[in-house]
Amino acid sequence: MSYRQGDAEYFADEYEMEDVEDEIDIDGESINREGGDAESDVDEYDYSSSKAVDTTAAQARRGQDIQGIPWDSLSITRERYRQTRLDQYKNYENILHSGDRSGKDCKSTDKGYSFYEFRRNSRSAKSTILHFQLRNLVWATSKHDVYLMSQFSVTHWSSLTCTSSEVLNVSGHVAPSEKHPGSLLEGFTHTQVSTLAVKDNLLVAGGFQGELICKHLDRPGVSFCSRTTYDDNAITNAIEIYDSPSGAVHFTASNNDCGIRNFDMEKFQLSKHFRFPWPVNHTSLSPDGKLLLIVGDNPESMLVDSQNGKTIAPLSGHLDFSFASSWNPDGVTFATGNQDKTCRIWDMRNLSKSVAVLKGNLGAIRSIRHSSDGKYMAIAEPADFVHVYDVKSGYEKEQEIDFFGEISGISFSPDTESLFIGVWDRTYGSLLEYGRRHNYSYLDSMI
């Protein structure tokens, strides 16, 4: 992840959308995302009566906007406002004009499909972002349970009861309640969480100063605290939790100090540390555990041996820095997402070039997720669009989910039945929930 002197100014610029018309104002607030730094981006609305402002599937079928935006009372149509967003949104690039130059090889898709249908928009689930390039802050552990960042709190959202509960608060002092070798018993104070991962009963939060906070959801307190590095360039860019071949739980932290670190959570200790020529923004482990997909501050990504960190193959084709990666569960294909507005699909049987290039509408591909059955792949832009592809169709069949607001993260539930999208916006921030469509959907009423 880049960090230059001008990036702080861009952070404010990216979230300060130009007012399209002065009349687009609801209760004194623009429907656009508001400017300012992350800590000042606090909701000024009382969400305690969330049931009154949430949007249900039944309301959406009757024509209500899924985000509750009252277009009929505004002086601009949704269609015109969408076009304005497409025209005015500023995509962040480290390599100038990479987005303009990346479109020539992009695949044509049919966007008329609906693999996941809208279930609910929950305005009381307030998802937030602290760094504009890092968007992995929403994780589903079941079709009803979601974990997300909300300011300095990791919260659990239940889509069954439509209630949230605080799991971890990092605004003050956080210290481990368990004693393990290598754990920082003094803990951390006022941690700014840059990235998050939750799998089964393990939650790992990564911070701007290299902090790692590990909590088991079935135990009280914090299990383990560590700092990956004391370098100035220490931000934790991504975390991936996985089960090793032995069955032990591990996680990999990707850092801006050009390193990735593997932690064994059975022994609570660092097990591997690899360094690379550039900051690592995201890492994905292959389903068989043998390969690591590494993307970062270089147009070229790489596959490396997960045991020794040695390069297996370079991956050339992107034109800017990459921030997202994901393996298909088949272990044959994988995807990378880049600030050149594209997602590239790669095949292990021929790594000389990508087998498909998928283009976004507004900006960088910040998040990629595969459903656990490998049938669908979802990619998220920085704002407004999530694209869901039918993998078996060769990515030709697409569902385009269209809304307004910055995207804090996307997550399929482990059983593939739900897709959750975190939306960051001062007025319309929420958690969007979609459910997988089935030919036997009439049975849903019996569940």
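How much space lies in the largest pocket? I noted first that this is a predicted model. For the largest pocket I then read off a space of about 1000 Å³.

**Entry 1, the pocket lining.** I found 36 residues lining the largest pocket, and Trp139, Lys199, Glu240, Ile241 and His370 lie nearest its centre. I sorted the lining by kind and got 15 nonpolar, 15 polar and six charged residues. Next I checked which strands contribute: at least two lining residues come from each of several strands, including β5, β11, β23 and β30. The most comes from β15, which gives five residues.

**Entry 2, strand β23.** I picked β23 from those contributors and looked at residues 322–327. Six of the six are buried, so the strand is largely enclosed by the rest of the structure. I saw β23 pair with β24 (residues 333–338) in the antiparallel sense, over five bridges. Ser322 stands opposite Asn338 in β24. The two strands, β23 and β24, form a hairpin with five residues between them, and Gly331 in the turn has a positive phi of about 75°.

I moved on to β30, residues 398–412, where Ser408 sits. Is Ser408 buried or exposed? Its relative accessibility is 0%, so Ser408 counts as buried. Beyond its neighbours within four places in sequence, I listed the contacts of Ser408, among them Thr128, Arg135, Leu137 and Gly422. Ser127 is one of the contacts too, and a polar contact of 2.3 Å joins the side chains of Ser408 and Ser127.

Methods: Residues numbered from 1 in each chain as written. Predicted model: local features only at pLDDT ≥ 70, side-chain atom pairs only at ≥ 80, totals over all residues. Heavy atoms only, no water. Helix = DSSP H or I, 4+ residues; strand = E, 2+ residues; numbered from the N terminus. Buried < 20%, exposed > 50% of the residue type's maximum accessible area, 1.4 Å probe, protein only. Contact = heavy atoms within 4.5 Å. Polar contact = N/O pair within 3.5 Å; in protein donor to acceptor, adjacent residues only side chain to side chain. Pairing = 2+ DSSP bridges. 1 Å grid on protein atoms, 1.4 Å probe; cavity = no way out; pocket = protein on both sides within 12 Å on 5 of 7 lines; lining within 4 Å. Points joined across faces, edges and corners; volume = space filled by probe spheres on them. Nonpolar A, V, L, I, M, F, W, Y, C, P; charged D, E, K, R; others polar.
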